[in-house]
Each structure stands twice: as C-alpha cells, then as structure tokens.
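Colleague: I am new to this structure and would like to learn how to read its features. Could we go through them one at a time?

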Amino acid sequence: MKAYQQSLCGLLNLSMSLESRDHRSTMGTHLNQETSSIKAELQSKLLHDDHHVQKGGLRTMPFIIVNEAFESIASYGLLANMIFYLMEVYHMEAATGTIVLSIWTALSNGLSVVGGVISDAYLGRFRVIATGSLFSLVGVTFLWLTSIVPQLTPSSCQGPDTGCAPPTRAQLGFLYASFGLMSIGSACIRPCSIAFGADQLKHHNNQRLIDSYFNWYYAANTISIAIATTVVVYIQDQFGWRVGFAVPVLAMFCSALMFLLGSPLYVKVKVDKSPFSGLIQVLIVAFRNRKILLLPDDCYNHSNETDRVELTDSLRFLNKACVVRYVDIGSSGSNSSGITTVENVESLKSLIRIIPIWSSGILLFVNVLQTYPTLTLEAEKMNRKITSRFEIPAASFSLFMLLTITIWIPFYDRVMIPFLAKFTHEPRGLNLKTRMGVGIILSIITMVVSAIVETIRRDLANSNTTVVMSAMWLVPRFVLLGLTEAFNAIGQLEFYYSELPNSMSSLATVMFMVSMAVASVVASLLTNIVDSVTSQGGDVSWLSSDIDEGHVDYYYWLLSFLTFLNFVYYLICCRVHQSFSSSESRLSHAIDKESFDGIEGKP
C-alpha cells in the first residue's frame, strides 16, 4: 500500500509538471518527453559539476579575500576619522556629525538585504560583487574630491570669533552622494563575498576546508580593520585629508582590480529563479489553503530538480502550500494556479527556524557598540604611558580586541578544534550553538569586569589621592570583547550558512549584518532612555560627558543584567530549534528511486 501511494504521488507530481508545460499533449507523449528531459538534465548536471571541479578551489581565495579586505580598509579607514572631517571641514556640530555617520553605517548594513536578494535571486554573486566594487570605488573617489576641489566644501573659518559658513545644499548633496555610493558598494560586497568564497570550495566536498575558510576570512577582515584604524588614520593625521583620503581610493582600486583578475578562475553559480518570490508564494498559498485538513495519504508537489528535499512535520501549517489533491490533476495549469513546491516550503521553514537564535545575537553587538566610546573616554582619564616618551592614544586600545581575534582564530582552528574534536566527536570542535552560547557568556563576563574596573577608576578619580589608574587595566576587557566576537560572531555566520539552503546562502551574511544594524538602533535607543531617565530631577546622568561625575559603571551593570536575560532567552531559542531539528529535512541528492524507475519503465 505504501509503495502504491508513493507511486501515485510520483505520478501526481509528474502530471502537474507535464500539464504546466503543454496542456494539449497526451499523457503518454509527456512521459516520454519527461524521461528525455530528466536524462538531459542529469547529463548537464554531470558536465556542470565536472566544469566546476576544474574551477574554484583554494587558488581563488586570494582574489576574494583581498577584495573584501581592501574594501574594509577603505571604508573603516574613512569612518574612523570622519567625525573630525565633518566638524573641521563641513563645520558640523558633534551631534550632527554623529547622526550623519550613524545613518551612513545603518544604510550600509541595511542595504545588505537588498544586495543579498539581488545576488541570490537575479544577478548572481559575481556580478553583484563586481558592481559593488565599482560603486565603492566611485564613492571613495567622490569623497577624495571633496578634499581637493575647494568648491565642494564650505570656506574655512576666518578666526575664532567669526562665524563659519555652513555648507550649501549642493556641497552636502555631493558629500551624501559619496556616502550613498559607498553604502551601495558595501551592501553588494559584504553579504556576497563570504558566500561566493564558499561556492569555490563546496564543489570539492570538503566541509573541514569550508569551516577553515570561515575562520581565515574573518581573521583577514579583522587584520584589515586593524590596518585601517592605525595606518590609515595615522596617515590622515600626519599628512592631511588629501593624502589620507587618497589611500582608501588606492585600496578600493586594488580591491576591484584583484577581484576582476580572478574572474576566469571562479565558479559562478547561475541563478535560475528567485527563491525569495517562492517564499512569499508559500505564505500566500498556505494562507489561502488554511482551511484544508492535511491527511496521512496526501501527496505533495516536488520540483524537478535532481536534489530532492523531504517534507518535514515542523511548522506543519506551511505544508498546505504544496499539498496536491486529486482534483488538481484534471484542472489546467495547476502549477500556475499557485501550488508551490516542497523545496520552497522547506526553505521558508529553515529561515523561520533560525530567526529566534538570530535575535539573541543583537544584544551582544549592542555591548560591543556601547563599549567603544565609553572605554575611549575612560582611557583618556587614565595613565596611558608605556615609557616616559611614549603614550598610547586613547582610541588605539581597540587594537587589543582586534589582536585577540587575529591570534585566537588560527589558534582555535589549528589547535583547539583537533583537541576538542577528540572529546566532542564534533568536526568543528564545538557545536555551533554551544560556540555561540560561550560567546554570550563571555559577553556577560566582559560587562561585569567593565563595571568593576570602572568603579575602582571612578573612586580613585574622586578621592584625594594623586594616584592615576593605569590604562592597562582596560586590556583584559578588550581581550574579552575579542573572544566574545571570535566565538559568537563566527559561530553565527557558520550557523546561518549551514541552516539555509544553497540558493539562499548570501542571506547568511545579510542576517549577520542586519543584526548589527538593528543593534545600532537598539544601542541608540538604550542610550537615550538611560540618559533621560537618570538625569531627571536635575541629577547627573549615568552617561555624563564627564565620566568622573557620571556612573558608567551602573550602565555596565545594567548591560550585564540584560545580557544575562538574553542568555536565558538564547537557551530557550536553542531548545525550540532543537525540537524543530528533530524533523529537519534531509537531502537525498537523487530523484526518488521508485518514481524514477516508474518513469524509466514507460515506453
């Protein structure tokens, strides 16, 4: 009976596919045509895979990683000192300049969704990255021109007692256009680059190599940010804006050139259809069929792809979008009437399953974003001298975090993973959800340590003693921040990439970047709320500009408590995800044997 039901379902799916192609042909003719079509598709698949084996591989990694690394040098090298450029050259107030930079950052991260959609659904990753590289190059060049052409900036202030001329609309328009072009470029490169690199390796069937790629990619990106916040910033401070902005232009030119030079070596996955329109169709059809009762003997519509996904019982109400009833067979254009496929349903389920865990990572980025300005202010009040002649700049302490990430990633990849794998029997050393959980725990510890150190520093500053606390007490906090990102951020990327289907792999990086964009908004709201609430009644705000008068330590304790609650929420999300994963779909990499044999047996 079961074999009969499977055969019947196979015939139903085949009939729907045949009717959508030519409703006027006979069933026997369609069976022969379908058999020939499947054979041709299999041959094409084999040739396509053989073509992919000849391309891609490790030799493409320098072109892809250099493209992303140099783009990061250009963008972060500009962002680090941009507030001073807006204040000095465009005569903006600090608050106005901060708002402009926040919008620029949010736009770069928010547009990543659009870049990921276009890449996965329409143009493919290679074209999107190439286009984004050119957009970024033009945007950086426009910004460089503002430091060269006097007409693009307001006239300089004549003296301290005279007012400064505000920028004109045309000048601001040119400045904002450069920011917009760079945002479009970043939105095209960042969500697609890491997935494009994985495309070059996945055809070699080496999961360990792909896992190492994720680690080394993140390490290279971290090194590029370190170079941007040190070397590029130093050049801008010492040689002025003209030379300082020329360096990002040169970096972006090398980024675009290197990526295009590797074009003959890349595996370029073609986009046949939009997976996102299929996800929307699932929601529409499932809602339309909400009154249908699913039966044990129901048949479901599969696509004609070689890779076949089995329908799962999790989020079962979505299965109504692909159920095939016998009445549909006789109706013309059954596919065009709105019945979607099992593959689309399972893709939407994969996305829904990871959203709770994705949301748990937002507060972690809030902690990172909130710590940067406060730690810089603390460092300014502390003893930063290494020798009698050398003093570490307050803004340079973030290098300790970047160095921690750079050192830990290869150590974890080469030493910790083989060691942990002996005990966990996990190829990645630690399960991805465990790895992300460790990152959240480290975030809690970071905030607790920050609160304790700031309490000691503030007490010393407000006492009668002349002792000034050493800024080296800030180093453990930056090290903990680096470990937090190394565990949680990379774990998030690998988790999203492993959970989503290949057709939506660029969405993994998009979700990561959107979480940072949402974290920026949450951090701004949290800062405003705390500042307004704690300053009521004439009291000094916790986040006062004079940190000796304020209570940043109280703010750290608040973040510690919120992060603890977030950890509890994360555990709940993991439990929910585990219940979904018990019925997770499995890929058979072949058409159902009985259905295929039935097709081959037709005359």
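Modeller: Start with a pair of helices: Gly115, Ile118, Ser119, Asp120 and Leu123 of helix 5 meet Arg125, Arg127 and Val128 of helix 6. By class, this contact between helix 5 and helix 6 has three nonpolar, two polar and three charged residues. Keep in mind throughout that the model is predicted.

Colleague: At what angle do the axes of helix 5 and helix 6 cross?

Modeller: The axes of helix 5 (residues 112-123) and helix 6 (residues 125-146) cross at roughly 135° and come within 8 Å. That makes helix 5 oblique to helix 6, because an angle has to be over 145 degrees to count as roughly antiparallel.

Colleague: What does the chain hold in total, in helices and strands?

Modeller: Its secondary structure comes to 18 helices and two strands. The chain has 603 residues, of which 50% count as buried. Another way to read a fold is to ask how far along the sequence its contacts reach. Among contacts between residues at least 6 apart in sequence, 82% join residues at least 24 apart.

Colleague: Let us take another helix pair. How do helix 11 and helix 15 pack?

Modeller: Helix 11 (residues 342-360) packs with helix 15 at an angle of about 165°, their axes being 10 Å apart. The two helices are therefore roughly antiparallel to each other. Helix 11 passes helix 15 in a right-handed crossing. On the side of helix 11 the contact is made by Ser350, Ile354, Ile357 and Trp358, and on the side of helix 15 by Phe495, Tyr496 and Glu499. Those residues divide into five nonpolar, one polar and one charged.

Colleague: Which residues of helix 15 meet helix 13?

Modeller: From helix 15, the residues are Val475, Phe478, Val479, Leu481, Gly482, Leu483, Glu485, Ala486, Phe487 and Ile490. Helix 13 brings Phe400, Met401, Thr404, Ile405, Trp408 and Ile409 to that contact. By class, the contact of helix 13 with helix 15 has 13 nonpolar, two polar and one charged residues.

Colleague: And what is the geometry of helix 13 and helix 15?

Modeller: The axes of helix 13 (residues 399-424) and helix 15 (residues 475-499) come within 7 Å and cross at roughly 45°. Helix 13 and helix 15 are therefore oblique to each other. The crossing of helix 13 past helix 15 is right-handed.

Colleague: Next, cysteines. How many disulfides does a search of the whole structure find?

Modeller: First the idea: a disulfide is a covalent bond between the sulfur atoms of two cysteines. In this structure the search finds zero disulfides.

Colleague: Now backbone angles. Where does histidine 91 lie, and is it buried or exposed?

Modeller: Histidine 91 is in the loop between helix 3 (61-88) and helix 4 (94-110). Its phi is positive, about 55°, although histidine 91 is not a glycine. With a relative accessible area of 19%, histidine 91 is buried. Histidine 425, in the loop between helix 13 and helix 14 (432-461), also has a positive phi, near 55°. Histidine 425, however, counts as exposed at 68% relative accessibility.

Colleague: What does asparagine 319 contact, leaving aside its neighbours within four places in sequence?

Modeller: Asparagine 319 is in contact with Leu294, Tyr300, Leu311, Thr312, Val345 and Lys349. It lies in the loop between strand 1 (299-300) and strand 2 (323-324). At 2% relative accessibility, asparagine 319 counts as buried.

Notes:
Residues are numbered from 1 along each chain as its sequence is written. This is a predicted model: local features need pLDDT of at least 70, side-chain atom pairs count only at pLDDT 80 or more; totals for chains, interfaces and linings use all residues. Side-chain values use heavy atoms; hydrogens and water are left out. Axes are lines fitted to C-alpha atoms, for helices over the stretch in contact, and angles run from 0 to 180 degrees between N-to-C directions. Helices (H or I, at least four residues) and strands (E, at least two) are DSSP runs, numbered from the N terminus. Angles under 35 degrees count as roughly parallel, over 145 as roughly antiparallel, 65 to 115 as roughly perpendicular and the rest as oblique. A crossing is left-handed if the near helix is turned anticlockwise from the far one by less than a right angle, and right-handed if clockwise. Contact means heavy atoms within 4.5 Å. Ala, Val, Leu, Ile, Met, Phe, Trp, Tyr, Cys and Pro count as nonpolar, Asp, Glu, Lys and Arg as charged, and the others, Gly among them, as polar. A disulfide is a pair of cysteine sulfur atoms within 2.5 Å. Buried means under 20% relative accessible area, exposed over 50%, partly exposed in between (1.4 Å probe, protein chains only).
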